Amino acid sequence: MNKQEFLSQLRKRLSALPQKEVNERLNFYSEIIDDKIEEGLSEETAVEQIGTIDEIVTQIETELSPLPIKKKTSHKKENSTLWKSCFLTFSAPIGFALLIALMAIIFSFYVVLWVIPIVLWTVFVAFCVCAIVLSILSVLYISVGYIPLAITLLGTACILLGLSIFLYFGCKSATKGVESLTKKSIHSIF
């Protein structure tokens, strides 16, 4: 086995150690091999004199036993990953239910928000219909001869018509405000 093969196999076997430690050990054995080659030995003989890779790895691991080894750390990472996946698996139904509840609350908020302009428009239509009906009734009561009642109905119709004009502008601005608020909030959500 030549120097490069030896160092490559040693790197693979020491992959559980911290990278800094691996580099130090590889440099150490590379220098030993170079020194033996300078003494006149062939590359293969120099590698053989160092010892087998199994012996070297065992010696390094016993020297470094207090240092953390990646295999032990990765085992802990596997355990923490297992706990995380278990937690996510069992908490997913609760999280999904909470997400649905949050969406229902947001939807309810928008329904309540849109009810305001709908109610205002309904009152506007009711005032207009009442004003028309009272005007028709006042004409009928005039033809029958109930003049005071006809005048009262006609006055009430005028008041309702005036209120409906003011209410129209309120309905229009309320609708625009709720529409703009809805667009902004949907735009910010997405």
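**Exercise 1. Find out which helix holds Arg-25 and Glu-21, and how many residues apart they are.**

Step 1. Start with the place: helix 2 contains both Arg-25 and Glu-21, four residues apart, about one turn of the helix. Helices here are DSSP runs (H or I, at least four residues), numbered from the N terminus.

Step 2. Now look at the contact. Arg-25 makes a salt bridge with Glu-21, and their closest N and O atoms are 3.2 Å apart. The term asks for a side-chain nitrogen of Lys or Arg within 4 Å of a carboxyl oxygen of Asp or Glu.

Step 3. Check the surroundings. Arg-25 is buried at 16% relative accessibility, and Glu-21 is buried at 13%. Buried means under 20% relative accessible area, exposed over 50%, and partly exposed in between (1.4 Å probe, protein chains only).

A word on the model: it is predicted, so local features need pLDDT of at least 70 and side-chain atom pairs count only at pLDDT 80 or more, while totals for chains, interfaces and linings use all residues. Residues are numbered from 1 along each chain as its sequence is written, and side-chain values use heavy atoms, with hydrogens and water left out.

**Exercise 2. Which parts does the pair of Lys-3 and Asp-34 tie together?**

Step 1. Begin with the distance: the closest N and O atoms of Lys-3 and Asp-34 are 2.7 Å apart, and the two form a salt bridge.

Step 2. Lys-3 belongs to helix 1 (residues 3–13) and Asp-34 to helix 2 (residues 19–38), so the pair ties together parts 31 residues apart in sequence.

Step 3. Lys-3 is buried, with a relative accessible area of 16%, whereas Asp-34 is partly exposed at 30%.

**Exercise 3. How many disulfides does the structure have, and why?**

Step 1. The search of the whole structure gives zero disulfides. A disulfide would need a pair of cysteine sulfur atoms within 2.5 Å.

Step 2. Take Cys-128: the closest cysteine sulfur belongs to Cys-171 and is 9.4 Å away, which is too far for a bond.

Step 3. Turn to Cys-171 itself, which is buried, with a relative accessible area of 0%.

**Exercise 4. Which residues form the nonpolar patch on the surface?**

Step 1. List the members: Val-125, Val-129, Ile-132, Val-133, Ile-136, Leu-137 and Leu-140. Patch residues have over 30% relative accessible area and no salt bridge; nonpolar side chains (Val, Leu, Ile, Met, Phe, Trp, Tyr) are joined within 5 Å, like charges within 9 Å.

Step 2. Give the area: together these residues have about 590 Å² of accessible area, by the Shrake-Rupley method with a 1.4 Å probe, where for residues only the protein chains shown count as cover.

Step 3. Locate one member: Ile-136 lies in helix 5 (residues 70–144).

Definitions and conventions: Helices (H or I, at least four residues) and strands (E, at least two) are DSSP runs, numbered from the N terminus.
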